[in-house]
Amino acid sequence: MLFSSKKVVGVDLGSSSIKLAQVSKSKGMALLDNFAFVQTPAQTINNGDITDTYLLGESVKMLLKEQKFNSRNACIGMWGSTSIVKKISMPKVDAKALKEQIKYEAQQYLPFDISQVTIEYHVLPFSSSADQMDILIVAGQNDLITKYIEVATYGNLKTSIIDVSSIALTNIFEFNYGKLNEPVGLFNFGSNSTQFVVVFQGEILFARDIPVGGFHFTNEICKNMGVTLEEAESLKLSHVQGADVPENTRTFMNMALEHVTEEIRNSIDFYSASGGDFQISKAFFTGGASLTDGLINHLSEVLKINFEVLNPLIKIKANNKKFSPQYLEQISPFLAVSLGLALREVGDS
């Protein structure tokens, strides 16, 4: 068989939209078989924490059926307050003692009860000193992992893999761009959250979900102009498209822009202050909110970082019977995480 039969549906549960992607892989090649998205039901997910597993699952099931996905193996990405990806340094220990030592060390860094989380780890190939080892820890709260699995079950999917969205972002970047010999920042600008990852030679040095995104522009217009959120969203989109809007729309968009920029600057400063030996001067961006008028230019100017569009389809070909070039261009900013999840394989840990 040319392509693996163990295809995985990447499930990206965003606060604004649910995105599903299915990919076939063979010998380093990949083909986008299917992609679909739908608006996330209101009040069902908050900063990655799921409040209604049934409603989310029903939306997933509807997409799978309407768009004729032919795999039922799912890789779901957790994000926000539900998971933590963190690099820690610890004294070198024997491989046999590593797991227990990591559990002990992780207690100092995790805001969760250590007995109620699942921890995975990866030993980084470089460290801050000869007698230390750097470890990448990925931790998720067990009760929240259960919620993500419930969504898949209600959605008529089998949860083959639980992943983290920031790792999926890294996965799609590396698949398309390879392991770069310079540290780069990856930004996925979503509705309520922006994933920020620093990668170097294929390794994650830092990952954080910053609680800002496209919604902050909508909310600033809403509260200052006395309109509904729906009207504010319409004003924001009209402004982006260059249509006539009230003059003060730009004023409130700029207020939100300053807030978002400050939050991102703070996260970059935090990375630098927490042992970020590799300073970033280049970044790749994706996500629906990255289309917000002036956002990327402003960030580049203020942060002195060169921003480049992250193209998730450099090495992933699309089924040209299903996807036109025009449609692929439209959905490209929304693909990264779901594709990064779909690139995983059944049996991966």
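I took helices (H or I, at least four residues) and strands (E, at least two) as DSSP runs, numbered from the N terminus. For axes I used lines fitted to C-alpha atoms, for helices over the stretch in contact, with angles running from 0 to 180 degrees between N-to-C directions. The model is predicted, with local features needing pLDDT of at least 70 and side-chain atom pairs counting only at pLDDT 80 or more, while totals for chains, interfaces and linings use all residues. Residues are numbered from 1 along each chain as its sequence is written, and side-chain values use heavy atoms, leaving out hydrogens and water.

**Helix pair.** I looked up helix α7 (residues 248-273) and helix α8 (residues 295-303), which pack at an angle of about 50° with their axes 10 Å apart. The two are therefore oblique to each other (under 35 degrees counts as roughly parallel, over 145 as roughly antiparallel, 65 to 115 as roughly perpendicular, and the rest as oblique). The contact (heavy atoms within 4.5 Å) involves, among others, Leu257, Ile264 and Ile268 of α7 and Leu295, Leu299 and Val302 of α8.

**Sheet.** I then followed an open sheet of five strands in the order β13-β12-β11-β14-β15, with mixed pairing (two strands pair if DSSP finds at least two bridges between them). β13 (203-210) and β15 (306-309) stand at the edges, each with a single partner strand, so one side of each has no neighbour in the sheet. I noted that β12 (residues 194-200) and β13 pair in the antiparallel sense over seven bridges, and that Phe200 has Glu203 in β13 as its bridge partner. Finally, α8 packs on this sheet, where it touches β11 (184-189), β14 (282-286) and β15, and its direction makes about 150° with that of β15.
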